[in-house]
Amino acid sequence: MNGLIISATGSGTGKTTLTLGLLRAYHRAGVGVRSFKAGPDYIDPGFHLVASGLPSANLDSWAMPEGVMARIISGAEGADLVIAEGAMGLFDGVAQTGATARGSAADLSVLTGWPVVLVIDAGGQAQSVGAVALGFARLRPEVKIAGAVVNRVASPRHEMMVREGLAEAGIACLGCLPRLKDLEMPSRHLGLVQASERPELDAQIEAMADLVAGHLDLAALRAQAAPTRALAGAAAPLTPPGQRIAIARDQAFSFLYPHLLDGWRQAGAEIGFFSPLEDQSPDPTADCVWLPGGYPELHAGRLAGKASFLKGLRDFAQTRPVHGECGGYMVLGQGLVDKDGTRHAMAGLLGLETSYAKRKMHLGYRHARLLAPIPGQAEGTALRGHEFHFSTILSQPDAPLARVTDAAGLSVVETGSRRGYVTGTFFHLIAEDI
């Protein structure tokens, strides 16, 4: 498969607009295009799915061994083109190497052999765009820069000067996109508003595709793609949390990495979904319940009133394992304080009390050594994951679930909790550390 990485000089430059526009434009042209998201992002793969009509997944060189990434990439075999969207800037990762590398889009480019399309915001500059591109091209020579797409170009004269600067630097200009505020994506505290909450999304992606097709040479850009390198190592099949897994899924519970679901299914697990917001109880015949993260802090009052869901969850937890991640962990606790300072009683299966009124960002990779088992993982297992939330812990009285450190090896207080058959963590599992 031939692939490209859409990366940038930093966040907010237009990577997502370009990626979604390219996916839809190639899809409309009959190109079999598959997509990936570099790094720990729960939301963008959903947008990729809408744009291309085909599933997307994450690739994370800090959290994933090469064999895991190889297995995920193999899911796109047969595609005419692979497009991976980076996170933040091209070289932005963590300071210390994780499972494979440091988590940057540049690392992914080196590992896969996919050249980088560098998105540059031309606001406030003209010919200097060339110097910016040249610096990015020279910092790590093993990272191939296919060329630049320049965003937010103000006028034909501005575009002429931008192209002059890139030509002087010897960097190919793959296209220039004008300033268009209509295509900006709405966001909230954990990133873009989810695809499932955007009824107008398809029309907006169509507009992105029109923009991209009208200002870029799609054939020339596709010609910059390079074959995928073989990654080292073979990944063992993922151990599912159970043979039959009941997973919460709705607007309050949606943050579960696609590669985990795919891996569990490939290992033979049967997966069923239920909606707490619709007052649905977990399947009483399941082997375990998994509550993903999401936005329960925005729906705390509604969740507190869902008697069937809460009773079904409590009954299930008397005899079989229940695990929650981040928002799911918060719902397993005693109470959740919303942004207005109102406390809402949650499931009470753990002693955890959290507050979204006292907001503080908790963000970063996590390495965890389990002090007790969770569904699918034995005590002592090392896991890699990611934490991103704004809620604070008011009380965490139960026994810690794991010894947890950040990407620099420093301890964090969000150790997770365990009580009986119930476990929970603030970090989202990405891969086992092997």
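By about what are Lys311 and Asp315 separated in helix 11 (residues 307–316)? Being four residues apart in that helix, Lys311 and Asp315 are separated by about one helical turn, and their side chains meet in a salt bridge with an N to O distance of 2.7 Å. Lys311 is exposed at 52% relative accessibility, whereas Asp315, at 42%, is partly exposed.

The model is predicted, so that local features need pLDDT of at least 70 and side-chain atom pairs count only at pLDDT 80 or more, while totals for chains, interfaces and linings use all residues. Residues are numbered from 1 along each chain as its sequence is written, and side-chain values use heavy atoms, with hydrogens and water left out. Helices are DSSP runs (H or I, at least four residues) numbered from the N terminus; buried denotes under 20% relative accessible area, exposed over 50%, and partly exposed the range in between (1.4 Å probe, protein chains only).

With a salt bridge defined as a side-chain nitrogen of Lys or Arg within 4 Å of a carboxyl oxygen of Asp or Glu, the count comes to 17. One of these joins Glu206 to Arg28, the closest N and O atoms being 2.9 Å apart; because Glu206 lies in helix 7 (residues 201–215) and Arg28 in helix 1 (residues 15–28), the pair ties together parts that are 178 residues apart in sequence. Glu206 and Arg28 also belong to a network of salt bridges that links them with Arg24, Asp202 and Asp210.

A further salt bridge is formed by Lys37 and Asp44, with the closest N and O atoms 3.0 Å apart; Lys37 is buried at 4% relative accessible area, and Asp44 is buried at 6%.

Technical notes. Helices (H or I, at least four residues) and strands (E, at least two) are DSSP runs, numbered from the N terminus.
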